[in-house]
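Hi there,

Here is the structure I promised to pass on. Have a look at it first, and then read my notes below.

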Protein chains: 4
Amino acid sequence: MSLRVGVIGAGGIGSDHIRRLRWTLSGVEVIAIADPDGARTAAVAEGLDVTIESSGAALIANDRVDAVLVASPGFTHADLVTACLAIGKPVFCEKPLAITADEAWRVVEAEVATGRRLVQVGFMRRYDASYRALKATLDGGDIGQPLVIHAAHRNPEVPDWWTTDLTIKDSLVHDADIVRFLTGEEIVASRVLRPRASSRLADVQDPLVILLETTSGILVDVELSVNIAYGYDIRAEVIGETGTAALGDGGLVTLKRAGARSTDVPTDWRQRFALAYDRELQDWIDATSAGETTGPSSWDGFVATTVAEASHRSYQDGQRVEVQLADRPAIYR
Amino acid sequence: MSLRVGVIGAGGIGSDHIRRLRWTLSGVEVIAIADPDGARTAAVAEGLDVTIESSGAALIANDRVDAVLVASPGFTHADLVTACLAIGKPVFCEKPLAITADEAWRVVEAEVATGRRLVQVGFMRRYDASYRALKATLDGGDIGQPLVIHAAHRNPEVPDWWTTDLTIKDSLVHDADIVRFLTGEEIVASRVLRPRASSRLADVQDPLVILLETTSGILVDVELSVNIAYGYDIRAEVIGETGTAALGDGGLVTLKRAGARSTDVPTDWRQRFALAYDRELQDWIDATSAGETTGPSSWDGFVATTVAEASHRSYQDGQRVEVQLADRPAIYR
Amino acid sequence: MSLRVGVIGAGGIGSDHIRRLRWTLSGVEVIAIADPDGARTAAVAEGLDVTIESSGAALIANDRVDAVLVASPGFTHADLVTACLAIGKPVFCEKPLAITADEAWRVVEAEVATGRRLVQVGFMRRYDASYRALKATLDGGDIGQPLVIHAAHRNPEVPDWWTTDLTIKDSLVHDADIVRFLTGEEIVASRVLRPRASSRLADVQDPLVILLETTSGILVDVELSVNIAYGYDIRAEVIGETGTAALGDGGLVTLKRAGARSTDVPTDWRQRFALAYDRELQDWIDATSAGETTGPSSWDGFVATTVAEASHRSYQDGQRVEVQLADRPAIYR
Amino acid sequence: MSLRVGVIGAGGIGSDHIRRLRWTLSGVEVIAIADPDGARTAAVAEGLDVTIESSGAALIANDRVDAVLVASPGFTHADLVTACLAIGKPVFCEKPLAITADEAWRVVEAEVATGRRLVQVGFMRRYDASYRALKATLDGGDIGQPLVIHAAHRNPEVPDWWTTDLTIKDSLVHDADIVRFLTGEEIVASRVLRPRASSRLADVQDPLVILLETTSGILVDVELSVNIAYGYDIRAEVIGETGTAALGDGGLVTLKRAGARSTDVPTDWRQRFALAYDRELQDWIDATSAGETTGPSSWDGFVATTVAEASHRSYQDGQRVEVQLADRPAIYR
């Protein structure tokens with residue numbers, strides 16, 4: 001029996017997920033799609049035996065839909081997830097879980113009210129083979145207790161409408177979440193630094209360097225460069241008491257040509273994290289089919305948004321800002 | 001509609017394939033299994049809604065089985081594939097296609113008699129991301145015309161019963177096939193060299209260095225080391241007119257510890273080629289569901305076995321041996 | 001005609017320099033040595049045709065000594081260099097130039113009073129082939145304007161008597177100087193962060209992360225780990241507008257063994273910078289023989305000490321501290 | 001007391017050696033130069049206090065010359081070295097020691113007649129830090145007994161007048177010698193293979209792959225590509241019983257730019273082996289000053305030429321050719 005999934009949002013990431021649910025992943029079928037853009041929906045639905053729903057709410061209410069995948073614009077996420085929770089239907093929600101920490105907290109409360117986990121949030125890095133191997137290395141004790149983490153999150157370019165706020169609210173959440181994944185600790189403070197800005201972008205402070213501190217004092221410096229031209233490059237190096245462990249930096253092919261020895265750098269996030277997206281959704285399908293929810297949670301989504309908000313305040317006033325978190329509800333422990 | 005697959009052979013590679021058909025791949029279900037070892041079959045079948053068939057022949061004859069996957073011992077392959085061809089049923093056959101070139105040729109003739117391709121042979125390296133990127137680099141012209149290829153095929157260890165013959169017949173076929181994939185040329189000659197032998201194995205000449213020549217004169221040196229302890233390591237470097245391109249040699253994590261900077265080397269072929277096996281079978285499922293067969297063919301299986309036989313003669317008499325191939329039938333062009 | 005050099009200090013770095021002056025470098029001879037430890041001096045002088053001077057002052061006054069190399073303990077540097085300046089004798093002074101910025105400034109004033117440069121300070125990193133290639137890459141414009149620099153300075157271990165103050169005053173000066181070399185800018189502010197401390201050292205805050213800012217706003221994060229066990233590892237990665245450039249991280253040999261692919265990490269600074277020390281002194285010998293002084297200057301020594309002092313204040317009070325520099329005297333432009 | 005050296009040959013390598021003797025190395029002065037090209041000699045001698053000798057013979061006969069460095073064209077080497085031997089004067093001879101094995105053997109006999117070693121041959125690779133580290137790794141037993149060596153010797157381009165003979169006689173000698181250095185064994189056979197030839201060179205078979213066999217059966221495949229455009233690249237990978245060890249392949253700087261992560265490849269042999277040349281001559285100076293000769297010997301030069309001759313026969317007739325060596329005289333053991 002395949003899991004019958006309804007997908008809300010047929011844009012970039014939504015259509016990509018529909019493709020992988022259809023062609024790549026196991027134990028699943030897409031049976032419903034909802035998106036306000038009819039033409040786009042029709043294109044995505046071609047060749048699929050799906051119901052086109054008139055709205056996210058209608059899709060969620062469809063009894064044949066076992067589980068919902070939310071890939072609509074971020075500002076709609078919290079309401080759609082809450083609607084799923086209201087009827088106890090499992091839901092995978094692309095990040096961010098919500099636009100504000102308050103809104104995210106309301107999702108957490110709604111899920112806690114159901115008495116169990118039903119929501120997985122799309123922090124796909126946790127499913128990336130490199131990050132998993134890095135965590136295994138740390139957990140194996142090879143370098144002792146982590147003390148410092150150097151991270152970088154680099155995009156080759158951003159659209160015209162990009163703002164520094166988006167760097168903090170949209171990009172940083174991935175780094176904040178993966179630090180929690182790697183260390184098993186919460187983030188307790190953030191400070192945003194403004195290096196010399198690239199002349200390639202007007203009106204955007206790029207890069208940023210953001211300093212995060214964890215519960216035990218691990219210091220994380222995250223360089224966020226959203227317009228660095230050369231590629232999409234995600235780096236993390238953990239400094240332990242007796243050694244360091246970093247994401248590998250190799251490539252599929254080593255080329256020697258024209259005076260240089262080189263490997264390719266990925267050009268975008270889809271290429272870099274294609275397999276992580278596959279694993280993330282397969283994990284969700286398998287767990288959901290088994291009546292469980294095990295991936296990144298609403299709590300994780302709430303915390304990432306809270307860290308982003310604290311970072312945004314730090315960006316505005318230049319001070320170190322402490323991250324204030326409620327107690328973690330029992331269902332997330 | 002899922003493709004209904006019957007699997008013959010529930011041993012190492014067979015049970016691994018059943019696992020990926022069940023849990024990882026899309027558009028497929030395993031509906032029948034045949035293996036003479038009843039206990040093993042029962043274990044593999046647990047939790048699956050499958051028919052246990054009394055023999056490979058019975059499984060092939062089962063009308064509900066859309067397509068057959070052959071993962072039984074090598075000496076059974078040719079007969080099982082021929083039985084599938086006799087009734088026009090698509091079949092994926094693990095390598096080798098046959099034990100001898102003559103036997104492989106009979107499979108080719110049987111397939112040609114059906115008027116179309118129905119057989120895919122399990123040369124999974126063609127689906128490995130590194131080899132694909134290497135081929136794309138060559139095809140892109142970055143290093144000009146290939147002239148020499150340095151290859152290595154290293155296993156950490158082999159079982160007690162290993163023989164030098166197996167190195168040639170079981171291991172070399174992968175290298176022979178991938179050279180054809182990379183260059184688009186046939187192999188026309190082989191010469192087997194006997195370097196100083198490792199003291200780690202009695203009665204086995206290890207390593208071997210085998211020199212293959214392609215139609216246009218590209219020279220390939222393949223080092224085969226079956227008992228080199230340190231890991232499972234597959235290397236290929238293509239020397240072109242203006243540069244070189246090689247399989248990447250990085251790892252998921254870079255560790256600095258105890259005076260060294262290191263990355264892991266895979267320990268076995270399952271780890272190294274896990275994703276290639278996934279892609280290989282997904283490709284077969286997708287093509288078969290679409291009424292086609294597109295992967296490595298019976299002809300490829302026949303050629304690899306022919307090259308191995310020529311190499312074996314060279315190993316015995318120390319001379320360069322020419323590889324004699326029949327004309328390639330039209331369905332394989 | 002060889003340059004006749006007198007060496008003050010025959011300890012670790014002093015005896016090492018005497019060895020390279022004698023056996024490795026060109027156009028130089030050691031003709032006098034002064035060190036209060038007679039036994040040590042005798043050992044170092046064995047086989048050399050040198051005068052053993054009773055004190056640094058006596059050595060400096062020796063008319064046969066063309067130029068002086070100061071390798072005695074740091075607290076003696078400023079006075080010895082000033083004594084050389086008083087009689088217009090060229091001097092190479094190991095870092096630090098002085099213990100305090102005030103003291104270093106007095107050396108600068110003394111040199112300015114001579115009307116020309118006579119002092120070279122031992123910032124050997126400027127002569128390291130990797131740093132030079134990195135600077136050439138930046139100057140060549142390959143990555144555009146530098147915006148951020150990630151640096152790390154790691155020692156495997158420190159003696160019992162090490163203190164956090166020494167990390168700032170003794171280690172950081174190298175990083176501060178090389179940042180100035182790479183960027184051609186001054187450092188205008190420092191902030192010292194205290195990550196979770198390693199349990200391997202009592203009473204020392206290790207690691208430190210120090211944030212330096214340059215004139216144009218380039219942000220430099222320097223991780224200083226003085227007791228990280230795995231090796232002596234010096235890292236620098238410059239983030240530009242369109243790319244990044246980093247010190248290479250390879251090794252002389254790539255070893256595959258026991259499941260890992262590895263290269264060696266240096267075990268100490270002597271090994272890492274052996275060739276840089278050679279080049280530094282050869283450059284000094286050549287320039288001095290030509291009647292010039294061209295390497296790192298008293299001003300560079302003064303600035304490095306000033307940055308260290310500002311960093312020390314930041315370490316104590318936790319605040320960002322601005323670096324206040326006097327105007328750079330004309331002879332250093 | 002500096003060693004007073006006379007240099008015969010002021011062309012490419014000769015003028016380069018004069019530069020390093022003058023500016024870089026210790027304990028040496030150039031006091032005489034002989035070269036038939038007067039203008040070139042004058043240019044090289046400028047600023048040096050040297051005697052311009054009318055011929056190599058005159059230079060050798062000059063009593064003030066302690067030791068001779070021969071850097072004239074290869075066909076003059078044997079006679080010049082023999083002239084030095086006749087009067088017991090130490091001599092450093094650039095490779096090749098002689099044009100033919102017979103001629104080289106006459107040099108060996110002349111040296112043996114003196115009863116001691118007086119000749120060092122310019123196999124500079126033995127002084128390269130990477131090769132030395134590789135040998136130390138092998139000697140340390142990290143990978144067990146060597147069984148196979150993969151080597152490559154690549155030049156970006158050759159002059160118009162290049163011939164395949166030169167690839168064998170001029171280039172291969174370096175690889176032959178370094179194999180002997182790494183393994184401590186003699187080479188007993190050679191076979192030259194002709195891969196598909198590059199279209200970049202008319203009338204030259206490029207690349208060649210040459211198979212060498214050592215006393216104990218170690219098989220060495222040497223790829224010689226003299227016109228591969230991308231750079232000057234020297235590779236060696238030793239396959240042992242339990243692992244592999246290879247020359248490192250890193251660079252001084254790692255650049256990320258325009259979709260690629262890259263390091264530079266050297267453009268020519270001068271750049272690649274600059275430090276090895278320095279060490280080679282410093283070693284010769286130090287040993288000669290101490291009354292000894294310790295580097296690569298006439299025997300090594302003779303053997304390399306003998307291997308090249310055997311390889312040339314194999315190139316002509318396509319067969320494996322055994323290398324026949326006389327007994328090694330006692331002074332070379």
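C:Leu69 has C:Phe92, in strand 5 of chain C, as its bridge partner. Strands here are DSSP runs of E with at least two residues, helices are runs of H or I with at least four, and both are numbered from the N terminus; two strands pair if DSSP finds at least two bridges between them. Strand 4 (residues 67-70) and strand 5 (residues 91-93) of chain C run parallel and are joined by 3 bridges.

They belong to an open sheet of 6 strands in chain C, paired in parallel and ordered 3-2-1-4-5-6. Strand 3 (51-53) and strand 6 (119-121) of chain C are at the edges with a single partner strand each, so one side of each has no neighbour in the sheet. From one strand to the next the twist averages 25 degrees, with axes fitted as lines to C-alpha atoms and angles running from 0 to 180 degrees between N-to-C directions.

A few housekeeping points: residues are numbered from 1 along each chain as its sequence is written, while chains are lettered from A and ligands numbered from 1 in the order in which they are written. As this is a predicted model, local features need pLDDT of at least 70 and side-chain atom pairs count only at pLDDT 80 or more, whereas totals for chains, interfaces and linings use all residues.

Next, the domains. Chain A is assigned domain 1 (3-122) and domain 2 (126-274 + 304-332), with bounds from an automatic or database domain assignment. Their centres, taken over C-alpha atoms, are 27 Å apart. In chain A, 12 residues of domain 1 are in contact with 7 residues of domain 2, where contact means C-beta atoms, placed from the backbone, within 7 Å. Helix 5 (residues 101-114) of chain A gives the most to the domain 1 side, with 4 residues.

Between chains A and B, the contact takes 28 residues from each. On the chain B side, helix 6 (129-139), strand 12 (243-247) and strand 13 (253-257) each supply at least two residues. Strand 12 (residues 243-247) of chain A pairs with strand 13 of chain B in the antiparallel sense over 5 bridges, and A:Gly243 has B:Arg257 as its bridge partner there.

Finally, chain D can be laid on chain C with an RMSD of 0.0 Å by a turn of 180 degrees and a shift of 0.0 Å along the axis, superposed by least squares on C-alpha atoms of residues with pLDDT of at least 70 in both copies. That is the relation of a two-fold axis.

Best wishes

Key:
Two residues are in contact if their C-beta atoms, placed from the backbone, lie within 7 Å.
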